[in-house]
2 protein chains.
Amino acid sequence: MSTTLLSHIKRYIELDEQEEKTILACVQSLHIKKKEYLLKEGQICKASYFVEKGCLRMFFVSDKGDEHTNNFALENWWLSDYSTLLTQKPSLFYIQAIENSDILVLTTEQQEVLSKEIPKIERYFRLILQRAYGASQIRFKHTYNLSREDMYRNFLGLHPEFVNRVPQYMLASYLGFTPEYLSEIRKKKI
Amino acid sequence: MSTTLLSHIKRYIELDEQEEKTILACVQSLHIKKKEYLLKEGQICKASYFVEKGCLRMFFVSDKGDEHTNNFALENWWLSDYSTLLTQKPSLFYIQAIENSDILVLTTEQQEVLSKEIPKIERYFRLILQRAYGASQIRFKHTYNLSREDMYRNFLGLHPEFVNRVPQYMLASYLGFTPEYLSEIRKKKI
């Protein structure tokens with residue numbers, strides 16, 4: 001159990017046996033069924049979620065009532081509402097499982113404990129966040145610059161594993177177009 | 001000199017006198033004139049930039065040749081192309097001064113030195129990146145959800161200091177509309 005997380009951390013920093021035990025003592029395992037929520041709009045986000053198996057998405061509901069997916073997380077990805085984790089203000093987002101998923105929960109309190117016991121864990125989280133923030137800078141450019149078809153091709157190239165696991169309407173909203181348009185592009189490809 | 005950076009770091013972690021000296025030895029001061037560049041598309045980004053005085057922007061040039069600003073940085077803000085810092089692939093972005101600016105340059109190599117000498121500095125950078133990434137998650141929601149006028153009002157509420165320092169066409173491209181439209185909204189407000 002949780003060897004996934006330890007392997008992921010060891011890509012970035014070294015860990016001895018005692019440190020591995022400390023990390024496992026700081027996270028909680030959670031099995032969550034498809035469509036269940038880890039966070040809803042208006043709640044205060046109190047944890048980061050690491051996907052051991054399955055898939056999560058983060059989305060918001062527009063004033064018109066439409067759902068827009070802004071992030072996905074497959075195996076080995078962390079997901080959270082990082083702003084409200086810091087501010088402890090009510091979240092603007094939902095986090096939901098889109099498959100039956102095995103999740104590791106790291107609460108803000110436990111992250112602080114971990115940070116005191118294993119200070120170098122901060123390096124791991126810094127690098128994870130740097131990668132995520134860098135990807136979001138690039139996504140802004142693509143959103144403005146690429147045609148909708150190129151957006152889809154680019155996403156497919158980066159994350160081929162998503163396309164068969166994520167419902168079309170969620171992928172469409174992530175890429176910023178309608179499910180009908182996505183369906184057209186996919187047909188063209190075939 | 002550089003007390004700005006030390007004060008900023010000390011909002012997040014404690015530093016003794018020796019650690020302060022180590023930090024100052026790891027950064028280089030740079031005076032950069034308005035319109036000069038710290039990074040151009042195609043170059044490999046080798047540093048993060050901290051604004052002591054002045055203002056930077058990060059932008060990209062679309063395939064049609066238009067400039068789109070995706071980030072600003074005023075006093076006490078860090079700015080970099082965080083993706084190419086990690087991958088060392090050519091950047092998709094430009095970083096430019098929009099006022100005469102005093103910058104502190106932290107190269108990737110010096111950041112590694114700093115990280116070895118003062119491991120807790122990783123906590124500072126983790127928190128800075130968490131804040132930046134959290135803000136970008138919220139920006140995605142606003143971009144989809146808010147009317148263009150509300151986008152402007154929201155930005156004005158968060159960063160009133162920008163409006164008189166940043167040229168209108170840059171602010172307009174950051175908010176995703178034309179300079180003419182921004183000018184209309186500003187007139188309405190008056």
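This is a predicted model: local features need pLDDT of at least 70, side-chain atom pairs count only at pLDDT 80 or more; totals for chains, interfaces and linings use all residues.
**Exercise 1.** Is B:Glu19 buried or exposed?

*Solution.* Step 1: B:Glu19 sits in helix H2 of chain B, which spans residues 17-26.
Step 1: its relative accessibility is 18%. The cut-off for buried is under 20%, so B:Glu19 counts as buried.
Step 2: its contacts, not counting residues up to four places away in sequence, are B:Glu14, B:Ile118 and B:Lys120.

**Exercise 2.** Which parts of chain A does the salt bridge between A:Glu67 and A:Arg57 tie together?

*Solution.* Step 1: the closest N and O atoms of A:Glu67 and A:Arg57 are 2.7 Å apart, and the two residues form a salt bridge.
Step 1: A:Glu67 belongs to strand S5 (residues 67-73) and A:Arg57 to strand S4 (residues 56-61), so the pair ties together parts that are 10 residues apart in sequence.
Step 2: A:Glu67 is partly exposed at 32% relative accessibility, whereas A:Arg57 is buried at 1%.

**Exercise 3.** Describe the salt bridge between B:Asp150 and B:Arg153.

*Solution.* Step 1: the N to O distance between the side chains is 3.0 Å.
Step 1: helix H6 of chain B (residues 148-158) contains both residues, 3 residues apart, about one turn of the helix.
Step 2: B:Asp150 is partly exposed at 33%, and B:Arg153 is also partly exposed, at 49%.

**Exercise 4.** Which helices hold B:Glu112 and A:Arg123, a pair that crosses between chains?

*Solution.* Step 1: the side chains of B:Glu112 and A:Arg123 meet in a salt bridge with an N to O distance of 2.9 Å.
Step 1: B:Glu112 lies in helix H4 (residues 108-117) of chain B, and A:Arg123 in helix H5 (residues 121-145) of chain A.
Step 2: B:Glu112 is partly exposed, with 28% relative accessibility.
Step 3: a network of salt bridges links A:Glu112, A:Glu122, B:Arg123 and B:Arg126. Over all chains the count is 20 salt bridges.

Key. Residues are numbered from 1 along each chain as its sequence is written. Chains are lettered from A and ligands numbered from 1 in the order in which they are written. Side-chain values use heavy atoms; hydrogens and water are left out. Helices (H or I, at least four residues) and strands (E, at least two) are DSSP runs, numbered from the N terminus. Buried means under 20% relative accessible area, exposed over 50%, partly exposed in between (1.4 Å probe, protein chains only). Contact means heavy atoms within 4.5 Å. A salt bridge is a side-chain nitrogen of Lys or Arg within 4 Å of a carboxyl oxygen of Asp or Glu.
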